[in-house]
Amino acid sequence: MFFFECEVYYEDTDMGGRVYYANYLKFVERARSKLLANIGIDQRNLLEKDGLFFIVKKISAEYLSPSFFGDKLLIKTHMLDIKKATLILGQKILRKDKTLFDCEVKIALLNSRGKVTKLPNEIVNKMKLFFDS
């Protein structure tokens, strides 16, 4: 399990003072980027050196409870599955022990022509090593 903390800023909220729904997707994206960096996958280098980059292929999300300006949030990310060219992750956003947002996201790796490509063994091995330990 990977943990990422973030704080809700005023700019993250809507007219009602709640976190604007699309910003939950930004929070979980940040957590995924930090996860990759934490396990030694440099996304910028992957793009510049190999012409490879990750995209969200599919996401299923449930908004369970609102979050507000000043809240301290914890994003938990866990591996659900690794396929030939995709990673499937589960992510939850919590405030203290209360789950506010829950999603399942399928991440695909694309090449410089925008075509889905096989995950390199290095990425698969690093993901498995992190989540299996």
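Helix 1, residues 21–38, lies across strand 1, strand 2, strand 3 (72–82), strand 4 (86–95) and strand 5 in this predicted model. Helix 1 runs at about 135 degrees to strand 1. Helix 3 (residues 121–132) lies across strand 1, strand 2, strand 3 and strand 4, and its direction is about 120 degrees to strand 3.

The strands under discussion belong to an open sheet of five, with the order 1-3-4-5-2 and antiparallel pairing. Strand 1 (2–7) and strand 2 (53–63) are the edge strands, each pairing on one side only. On average, neighbouring strands of this sheet are turned by 25 degrees against each other, direction ignored.

Strands of a sheet pair through backbone hydrogen bonds, either parallel or antiparallel. Strand 2 pairs with strand 5 (residues 98–110) in the antiparallel sense, over ten bridges. Within this pairing, Val56 has Ile107 in strand 5 as its bridge partner.

Next comes the nonpolar core. The largest one holds 34 residues. The members that touch the most others are Phe27, Phe54, Ile75, Leu87, Ile93, Leu119 and Met127. Two or more residues of this core come from each of strand 1, helix 1, strand 3, strand 4, strand 5 and helix 3.

Phe27 can be followed residue by residue. Leaving aside residues up to four places away in sequence, Phe27 touches Phe4, Cys6, Val8, Asp12, Val19, Leu73, Ile75 and Ile93. Among these contacts, Ile75 and Ile93 are also listed with Phe27 as core residues that touch the most other members.

Technical notes. Residues are numbered from 1 along each chain as its sequence is written. This is a predicted model: local features need pLDDT of at least 70, side-chain atom pairs count only at pLDDT 80 or more; totals for chains, interfaces and linings use all residues. Side-chain values use heavy atoms; hydrogens and water are left out. Two strands pair if DSSP finds at least two bridges between them. Helices (H or I, at least four residues) and strands (E, at least two) are DSSP runs, numbered from the N terminus. Axes are lines fitted to C-alpha atoms, for helices over the stretch in contact, and angles run from 0 to 180 degrees between N-to-C directions. Contact means heavy atoms within 4.5 Å. A nonpolar core is a set of buried Ala, Val, Leu, Ile, Met, Phe, Trp, Tyr and Cys residues joined through side-chain atoms within 4.5 Å. Buried means under 20% relative accessible area, exposed over 50%, partly exposed in between (1.4 Å probe, protein chains only).
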